[in-house]
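Please keep the structure in view while reading.

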Amino acid sequence: MKRLAEALMECKSDEQIRECLIESLNDLSFEYPDVYSMLFMEMKIRELDANDPNKMSEWLSTSNTSNSIVKIHEALILIKSDEMMIKEEYLNNFKQILCHTIENGAHMEEVVKICHLIEKSPSLKNIYKLLKHLVERVKQLPNDDKCYSDTDHFVKDYFKYTQVDLSISLDGQSVQQQQQIQNDTRLWEKTKHLHLNPLRDLPNFDLKCFGNNHLDMVAASHRRSILIHQTIVDQDMDGAFTKWLHFCNLKKYQWFFNSLSYLEIVLIDEKNIKNLVAKVNRNTMEENYIKDSVQKKICAETKALRHRPIKLNNLITALNLDVDMDNMSKYIKYMRMILHYPIPNKNCVVDEQLQKDIITVMDKYLNHLMKILDTVRFLSAESQLGNVINKYLECILLINGNQTFKDHQIDLLSIFEDVLKNKVLRMQRDFD
């Protein structure tokens with residue numbers, strides 16, 4: 001890529017550069033179609049990332065800062081001119097980077113390149129106008145390689161995710177609200193360390209930093225509601241639960257779930273289910289009964305719901321390693337199953353990490369599929385690989401039908417689907 005760029009820069013005009021680039025891409029698509037497809041997919045992914053308002057903070061909080069600034073430089077090239085909300089996100093965060101560079105002189109080379117890009121790009125002129133005084137100050141700084149400050153710690157502190165404190169002060173709240181918060185806290189304490197005991201049918205890693213704050217976010221949203229006794233009906237989640245209960249063959253017990261909140265449902269277990277049934281009956285005109293065998297099934301299903309964030313993070317970790325076909329089959333079966341479970345909306349949880357983790361799993365899984373397909377000469381629809389591909393495409397359909405995923409995530413999945421289908425269509429196979 002570097003040699004191509006150097007060759008293009010030797011051209012005398014923009015028109016010559018474009019002609020040379022078109023010729024190179026034509027040769028690449030014809031001689032190396034797989035590489036061309038991967039390049040196209042990667043560029044589309046990068047464009048979507050660049051126009052995702054959450055990505056900049058994510059880069060700065062999870063990556064090496066120097067590499068993050070390089071990513072931001074690329075994202076500013078790919079940002080769409082009409083995305084005002086995204087530009088505002090870049091403006092606010094980049095202002096902090098400029099101020100810190102002025103103060104400490106860290107990462108001068110990378111930041112100066114971004115300053116030149118903002119200054120020259122017509123689509124970024126509004127950002128340049130608002131940051132012009134800071135850009136000029138950065139450009140006047142001496143670019144001394146020995147000048148160093150621990151910017152990584154600053155950025156990670158500045159952009160770190162705010163943790164929810166379930167023991168917040170109860171001052172100024174009603175007695176009912178105080179009791180509700182205390183009940184939520186007691187429920188949370190019972191499941192606080194679930195992340196130390198992932199289920200055994202997926203890789204068992206000690207993920208102390210993964211999946212352990214999802215219930216914090218659910219409890220925070222539950223507590224933030226203006227309704228004291230909210231239910232999934234109030235939270236606009238009853239439709240999602242109806243589909244899930246039908247999938248689990250529990251649809252006749254919709255009356256029970258509709259009387260509980262998302263947090264209460266997630267925390268259902270063998271120790272509290274009888275009390276929850278009694279609570280629901282107290283609030284209704286007629287008394288309903290749930291058999292012990294059905295109670296056990298409900299507890300098993302809510303346990304799967306409760307462990308979902310942990311198992312998704314286990315999957316992400318597992319997919320960073322080599323994976324054989326047996327495990328590929330097991331992982332995609334789990335994904336297809338868990339995507340039938342309700343995904344909390346903004347009324348139930350204060351973040352969207354669950355959706356992000358699902359997309360990450362789908363991304364990493366596709367990479368493994370593409371590597372496996374490169375080693376296969378003939379693809380049979382009835383083979384283990386053929387079944388895995390079908391289940392992967394079913395997962396995409398399930399995600400596309402879920403309204404909690406954002407447009408840019410659906411667009412990304414569309415790219416995944418096209419890449420996989422194009423790869424399969426170019427192979428020898430026993431199906432159309």
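The model is predicted. Helix α20 (residues 407-425) packs with helix α18 (residues 353-374), and the axes of α3 and α20 come within 10 Å.

**Second largest pocket**
- The second largest pocket has a volume of about 830 Å³.
- Among the 18 residues that line this pocket, Met1, Lys2, Leu4, Ala5 and Met43 are the closest to its centre.
- Two or more lining residues come from each of α1 (2-9), α2 (14-31), α3 (33-50) and α5 (65-78).
- The lining of the second largest pocket comprises 13 nonpolar, 1 polar and 4 charged residues.

**Helices α18 and α20**
- The packing angle of α18 and α20 is about 15 degrees, and their axes are 11 Å apart.
- Angles under 35 degrees count as roughly parallel, and α18 and α20 are therefore roughly parallel to each other.
- The crossing in which α18 passes α20 is left-handed.
- Residues of α18 in this contact include Ile359, Met362, Leu366 and Leu369, while those of α20 include Leu412, Leu413, Phe416 and Val419.
- By class, the contact of α18 with α20 has 12 nonpolar, 2 polar and 4 charged residues.

**Helices α3 and α20**
- The axes of α3 and α20 cross at roughly 175 degrees.
- Angles over 145 degrees count as roughly antiparallel, so α3 and α20 are roughly antiparallel to each other.
- From α3, Asp34, Met41, Lys44, Ile45 and Leu48 meet residues of α20, including His408, Asp411, Ile415 and Lys423.
- The contact of α3 with α20 contains 7 nonpolar, 1 polar and 4 charged residues.

Conventions. Residues are numbered from 1 along each chain as its sequence is written. This is a predicted model: local features need pLDDT of at least 70, side-chain atom pairs count only at pLDDT 80 or more; totals for chains, interfaces and linings use all residues. Side-chain values use heavy atoms; hydrogens and water are left out. On a 1 Å grid over the protein atoms alone, a cavity is a set of points where a 1.4 Å probe fits but cannot get out, and a pocket is an open set with protein on both sides within 12 Å along at least five of seven lines; lining residues have an atom within 4 Å of a point. Grid points are joined across faces, edges and corners, and a volume is the space filled by probe spheres set on the points. Helices (H or I, at least four residues) and strands (E, at least two) are DSSP runs, numbered from the N terminus. Ala, Val, Leu, Ile, Met, Phe, Trp, Tyr, Cys and Pro count as nonpolar, Asp, Glu, Lys and Arg as charged, and the others, Gly among them, as polar. Axes are lines fitted to C-alpha atoms, for helices over the stretch in contact, and angles run from 0 to 180 degrees between N-to-C directions. Angles under 35 degrees count as roughly parallel, over 145 as roughly antiparallel, 65 to 115 as roughly perpendicular and the rest as oblique. A crossing is left-handed if the near helix is turned anticlockwise from the far one by less than a right angle, and right-handed if clockwise. Contact means heavy atoms within 4.5 Å.
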